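Visitor: I am new to protein models. Could you walk me through this one, step by step?

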Amino acid sequence: MANYQRPQTQRQPLPQHAAERIARMRGGQGQARFFTSDLSVKEFLLVREAGFEPAGLVMGSSIYHVGLQRGAYNQNQELGMLTQALYQARELAMARMEEEAVELGADGVIGVRLKINRHAWGEALVEFVALGTAVFARTPGTWKAPSGAPFSSDLSGQDFWMLLKSGFRPISLVMGNCVYHIAHQSLGGWFKTVGTNCEMPNFTQALYDARELAMERMQYEAQLDGAQGVVGTEVYEHTHGGWDSHVLEFLAIGTSVLPIETHEQPPAPQLVMTVNE
Amino acid sequence: MAFTSDLTVDEVLLIEEVGFEPVDLVMGSSYFHIGWQNAPWTTNMELGDVGRMMHGARRVALDRMMQHAIAAQADGVVGVRLELEREGHNAEFTVIGTAVRRRAGDGVRWRQASGAPFTCDLSGGDFWALVRAGFRPVVFSFGVCVYHVAHQTLGQWFSSVGVNTEMPAFTQGLYDARELAMGRMQWDAQAAGATAGLVGVSIEESSHGWDQHVIEMIAIGTGVAPIEDATHETHEAPRVVIGAQDW
């Protein structure tokens with residue numbers, strides 16, 4: 001874990017157009033607040049129902065040059081440099097998004113999506129965009145993460161409402177990744193398996209290992225944040241521009257949560273039958 | 001009176017439920033030639049002329065749809081969609097929606113500050129939910145920014161080969177373009193009297209057959225305002241339910 005760390009991001013002033021947009025949303029000095037959000041109407045209503053108000057759409061991005069790292073032809077191994085690069089790029093995008101949320105005076109960000117864009121003008125370039133809706137509680141309370149930063153989560157408005165109802169609050173969007181080189185088979189190995197049905201322990205092991213590493217790192221992040229668990233974890237598999245087909249990135253993303261201290265019993269679910277399919 | 005609309009049966013029911021009736025399917029379009037603007041090879045900059053054109057073409061189409069809606073004596077338009085079809089350097093911009101009218105005849109209070117019908121990209125179901133929650137849609141707003149992303153110099157290119165590093169100039173360029181598009185959408189909504197905010201915002205990125213380094217960012221959303229009417233009926237609190245069809 002030693003060489004797998006969050007990048008140190010210095011707080012920089014927001015770019016001019018971002019600062020202007022945020023200032024107009026924040027209001028003050030005789031101006032009312034004005035929110036923008038990518039919440040659907042239903043999400044918007046449930047967020048308000050949960051006691052929160054949208055503060056504004058927040059965003060951060062980072063364009064990263066992803067270089068090459070060669071894996072030994074017939075070895076299963078992690079490509080640590082690439083892992084670190086892709087991790088850093090995402091963290092930078094998220095840190096910038098968080099900065100916009102802090103500027104807005106928000107308690108947290110929900111519905112965070114991490115998008116990956118590739119542009120025709122740069123083959124080795126990958127753009128990471130983090131986009132979410134900053135929210136604040138109508139009545140002040142402890143909603144921020146233990147670190148004092150606004151909470152972040154990839155939960156939809158519906159899931160956010162459900163999570164709060166069931167007595168938990170989101171802490172932060174946690175992730176872990178692992179770029180892995182999967183060994184090529186030797187010619188002998190290939191001859192032995194032709195026409196037979198059998199497991200390929202090599203390949204199984206490689207993909208298993210890579211997923212485990214990504215999930216373990218995600219878990220580690222959640223523990224660093226002082227969370228009690230992670231909900232809604234998803235594991236993705238990516239390959240980025242120009243990579244050998246034997247190189248894969250595994251990415252685990254979820255929302256870390258803590259129990260709400262003053263929570264009463266969660267509501268019992270009701271059974272309904274809808275008439276439309 | 002007979003009406004046409006592209007609403008589903010469910011949507012019509014929900015719109016009727018909050019006191020509106022569909023009137024007509026309304027549409028507006030415009031056909032533009034997409035011109036060209038030069039940008040210095042190594043500079044990040046907005047292409048203002050192209051951007052104004054891409055904005056103006058959609059605005060013209062939207063205004064034409066609005067003329068239809070006014071002629072149909074509508075109080076608003078729901079389900080507005082913006083479409084673009086490009087052939088070479090020419091593009092057709094189309095806006096379609098369903099005009100609706102307030103049954104009770106108090107539609108004036110639902111219109112925009114200018115007296116024009118409200119516009120929104122909400123479905124019938126979302127419209128119902130929003131109105132029940134005490135908000136009214138005001139305006140379908142959008143913001144456009146066409147941006148030229150700088151090319152790297154040869155020296156910069158050499159220094160990044162084989163290295164994992166952030167490219168601040170590129171990051172800055174696209175960040176800026178998105179912020180500008182979102183900021184303009186916000187102005188648009190506020191100017192039309194959406195006092196509360198914008199819901200359902202999406203940001204799309206496209207390159208309409210330009211140089212690869214030229215990108216259009218468009219931000220779209222629906223501006224909303226609170227309903228200032230003490231007698232307005234709001235919905236009950238949501239409950240946790242388990243649907244019977246999922247398992």
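Visitor: How many bridges join E8(B) to E9(B)?

Guide: Strands (E, at least two residues) and helices (H or I, at least four) are DSSP runs, numbered from the N terminus. Two strands pair if DSSP finds at least two bridges between them. Leu198(B) stands opposite Gly223(B) in E9(B). E8(B) and E9(B) run antiparallel, and the bridges that join them number eight.

Visitor: What kind of model is this, and how are its parts numbered?

Guide: Residues count from 1 along each chain as its sequence is written, while chains are lettered from A and ligands numbered from 1 in the order in which they are written. Local features need pLDDT of at least 70, side-chain atom pairs count only at pLDDT 80 or more, and totals for chains, interfaces and linings use all residues, for this is a model that is predicted.

Visitor: Which residue is the bridge partner of Val144(B) in E9(B)?

Guide: E6(B) and E9(B) run antiparallel. They are joined by 13 bridges. In E9(B), the partner of Val144(B) is Ile218(B).

Visitor: How many of the 13 residues of E9(B) are buried?

Guide: A residue is buried if 20 or more other C-beta atoms lie within 10 Å of its own, exposed if 12 or fewer, and partly exposed in between; C-beta atoms are placed from the backbone. E9(B) is largely enclosed by the rest of the structure, because its buried residues number 11.

Visitor: Why is H3(B) largely enclosed by the rest of the structure?

Guide: H3(B) covers residues 124-132. Phe127(B), Trp128(B) and Val131(B) are among its buried residues. H3(B) is largely enclosed because its buried residues are seven of the nine.

Visitor: Which helix of chain A do the buried residues of H3(B) pack against?

Guide: Contact means that two C-beta atoms, placed from the backbone, lie within 7 Å. In chain B, the buried residues of H3(B) pack against H1, E3, E6 and E9. In chain A, they pack against helix H2.

Visitor: How do H2(A) and H3(B) lie, roughly parallel or roughly antiparallel?

Guide: Axes are lines fitted to C-alpha atoms, for helices over the stretch in contact, and angles run from 0 to 180 degrees between N-to-C directions. The two axes come within 9 Å and cross at roughly 25°. Angles under 35 degrees count as roughly parallel, over 145 as roughly antiparallel, 65 to 115 as roughly perpendicular and the rest as oblique. So H2(A) and H3(B) are roughly parallel.

Visitor: What is the hand of the crossing of H1(A) and H5(B)?

Guide: The axes of H1(A) and H5(B) come within 9 Å and cross at roughly 30°. A crossing is left-handed if the near helix is turned anticlockwise from the far one by less than a right angle, and right-handed if clockwise. H1(A) passes H5(B) in a crossing that is left-handed.

Visitor: Which element gives the most to the side of chain A that touches chain B?

Guide: The contact between the chains takes 49 residues from chain A and 46 from chain B. Elements of chain A that each supply at least two residues include H1, H2 and H3. With eight residues, the one that gives the most is E2(A).

Visitor: Which residue stands opposite Gly108(A) in E6(A)?

Guide: E4(A) and E6(A) run parallel. Two bridges join them. Opposite Gly108(A) stands Phe151(A).
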